[in-house]
Each structure stands twice: as structure tokens, then as C-alpha cells.
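User: Got a model here. Can you walk me through it?

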Amino acid sequence: MAPLPRLLLAVALLHAAAASAATDDGEGGRRRARYDRVFSFGDSLTDTGNALHLSPTGAGPASRPPYGETFFRRPTGRASDGRLVVDFIVEALGVPHPTPYLAGKAAADFRRGANFAVGGATALDLNFFESRGLTPFVPVSLDNQTSWFKNVLHLLGSVEEQRKITSTSLFLVGEIGVNDYFVSALGRNRTVGEVKTFVPRVVAAVGSVITDVIAAGARTVVVPGMIPLGCEPQLLAHYKGGAGAGEYDPESGCLTRLNDLAELHNRELRRMLSGLRRAHPGTAVVYADLYRAVTDLVVSPAKYGFRSRPLAACCGGGGGAYNFDDAAFCGAAGTAACADPSEYVSWDGVHFTEAANRRIACAVLEGSHSHGAADEPALSNSWATTEAWRRRIGCV
């Protein structure tokens, strides 16, 4: 029998080797237990300040109270009463908050990460919409965000230095596509069936960004899926009166035809991600199931600490079942926020409250450890690491 000190040393070395393997980004798409920074792409669900620097949106709702009231105590450009999912993820990982691209100037601003997301951004470019007689909310697409990312890479130094940074970073690509479907469905009153024909193009645009960041050296890419569109108070209010009773899901109260669109998007997205995993086995491409995360809150609000009307907006002047009216959007004269946003899932009828964003981030971090497909990687190989991340932001 080996002497006890020697045995203890051997056990310690085995644990160290296991921990090292768990953080290795080698072949097979192993995830790092620690990341140094975050780079993110997307729309208003991820934008932490870029929209403030664009003329079409600089004076938008997120630039004035009551936005930001819960955590920051002031508007920051985030479309919520407080933090977004990306904020909770960076806090869970213990990394700096990425600099909004349009707020940065020099390499030093981006060495801690960059956020390229813009409120109102689309996956598809301006030409796609204009050729169909549609006008996007802002002239920013994933093509623009990819160009910004490449600008940041050039600022960061040599290709070798760039790859050192990208290989130790977590990339978030999405959620994106909501505005493509909003513009298409609401802009010309197209049927959901017509809008579904746009799904392959939207998913391909997301795949193009993922391919670009992998080429730049990314080793871990998280790709959030589409949210349940049929549970959005804005869309529920828009279709109210035009949908029959049979078009609402009896469990959630959400519009099934809009959720069918979101589910189609997610099926196509997951199929595309599966192909990327086969093409890039050294990179972990992680699907984040936002659809399930949000529907869980809507179907079982009390379980997560929300009140019994999860489809009503906290802030706005619409009243009624959804408390939403485009003419009385949150922040406009005569509107008000609810007394306690933490009791609501929806902040303004389009975006989520900080409380909901926390629960969504918890679900993203947990990932396939709980309900993902067996062949889909999670953000971390280690359940202990995942639980430590979740504990930091109050999930457990």
C-alpha cells in the first residue's frame, strides 16, 4: 500500500489533470471552465447601449425613464427596467461587461470584449427588405455587426494576438431574427405563412456570422434561439380580434401560429448548428433554448416568482389583457410602469423585465445539462462549474 502522503498527492494530481482537461478547448469542442471576455451580436434583447449612438434610435424609449430604473437607476440604452440576459451571463462568468461597439474608440476599450448588438437590428440586410417594400426599424443588420467585429480585430493587433483573444472569449450570436419577422408580419400585414419563407435566409445569416467568428479563432459560440413570438404582448394585442379562440394555446394563452413560426426558426437553426459542429469539431457551438426558457415563465409564473398575468406588460398605457398599445408605449407621456417589475415577465410588451432576464440567463447557463438534446454541447462540461455560475446570479 502506498504511503498516505504519496496517495494523497496522486489523488490531487488526478484532480488537477481532470480540471485541466475540462478547461481544454481541444478537439471535440471541450468548453473552457473560465472565459476572459464576451463578444456579442444581436438586437435589443442584447443591446447594452449601441442604439443610443444611432440617430434613428438615440432618443428612443430606452434612452429615458423608466428604463433602467431597477438596477442602474437611470436609462442606459438597455430595453428593460434593468439588466439583460447578456449582463447576467457576464456576471455569472466573472468577466467584464463588454463595451458597446459604438461607445468604444481604441483597442483598450475592446480588450475586455465588445457588444455589437443594436436595438431594432435585423439578421438580413437592408436590400432584402427594400426589395420587398419593407422598411426595417434601423439600417443595421448582421452584416454591419460582422464588419464592426472585423474592425475590432484589426484594432487588437496582429493575427496571433487576435487569436489569443478570440480563443479565450465566449461569443454570443443572437438572439437575432425577431425584427426580421416583426417587420415582415406587421409592416405589410403579410400572413405568417409568407413570413415563414424568410426563415431559411435568416438562419443562413446567423450561420454566416458563426462561421466568421470561428474563422477568427472562436472556440466557444453560444447561439440563442428564437423566443416564443406568440407570447409577446405587442403581437398578442396586434392580432387581438383577428384570431379565433382556437388559435390560442390553452396552457399558455399564446398565439399558436406565431409560436409555430418561432419553432420553425429554431428547428432550422438547430439543423444548421449541427452542420457547423461537424464542420468545426474543435469549436463548441452551443444552442441556447430561449423558447423553452420563456414559455416556462409564461406557463408556470408562480414557480419562478411572477404574478398570474405573465402576458401583460409592466410598463405602458394600453390596459386590458396585455397592457399594450403602440400609441402609448412605455416611456411616452401618460404611461407608467408597474409598482414592482419583478412580478412581471414582460417589461414593455416587447422586451423582458430584469427578473425575467435573470431566469432566462439561468436557463441558458444550465443548457443541455437539463433539457437539451443529447448530442448538443452545454456551455460547460462540468455540472459543478455550471452551478457555480448560476449561483453567482441567484439562480440557485
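User: Is Arg390 buried or exposed?
Analyst: Arg390 counts as buried because its relative accessibility is 8%. Buried means under 20% relative accessible area, exposed over 50%, partly exposed in between (1.4 Å probe, protein chains only).

User: What does the Arg390 side chain meet in a salt bridge?
Analyst: Glu366, at 3.7 Å, N to O. A salt bridge here is a side-chain nitrogen of Lys or Arg within 4 Å of a carboxyl oxygen of Asp or Glu. Arg390 is in helix α14 (residues 383-392) and Glu366 in helix α13 (residues 354-366), 24 residues apart. Helices (H or I, at least four residues) and strands (E, at least two) are DSSP runs, numbered from the N terminus.

User: What kind of model is it, and how are residues numbered?
Analyst: It is a predicted model: local features need pLDDT of at least 70, side-chain atom pairs count only at pLDDT 80 or more, and totals for chains, interfaces and linings use all residues. Residues are numbered from 1 along each chain as its sequence is written, and side-chain values use heavy atoms, with hydrogens and water left out.

User: How many salt bridges in the whole structure?
Analyst: 10. One of them joins Arg271 and Glu268 at 2.8 Å, N to O. Both sit in helix α11 (residues 256-279), 3 residues apart, so about one helical turn separates them. Arg271 is exposed at 52%, while Glu268 is partly exposed at 26%.

User: Switching to strands. Why is β1 largely enclosed?
Analyst: Because 5 of the 5 residues of β1 (residues 37-41) are buried.

User: Which strand do 5 bridges join to β1?
Analyst: β4 (residues 169-173), running parallel. Strands pair if DSSP finds at least two bridges between them. Arg37 has Ser169 as its bridge partner in β4.
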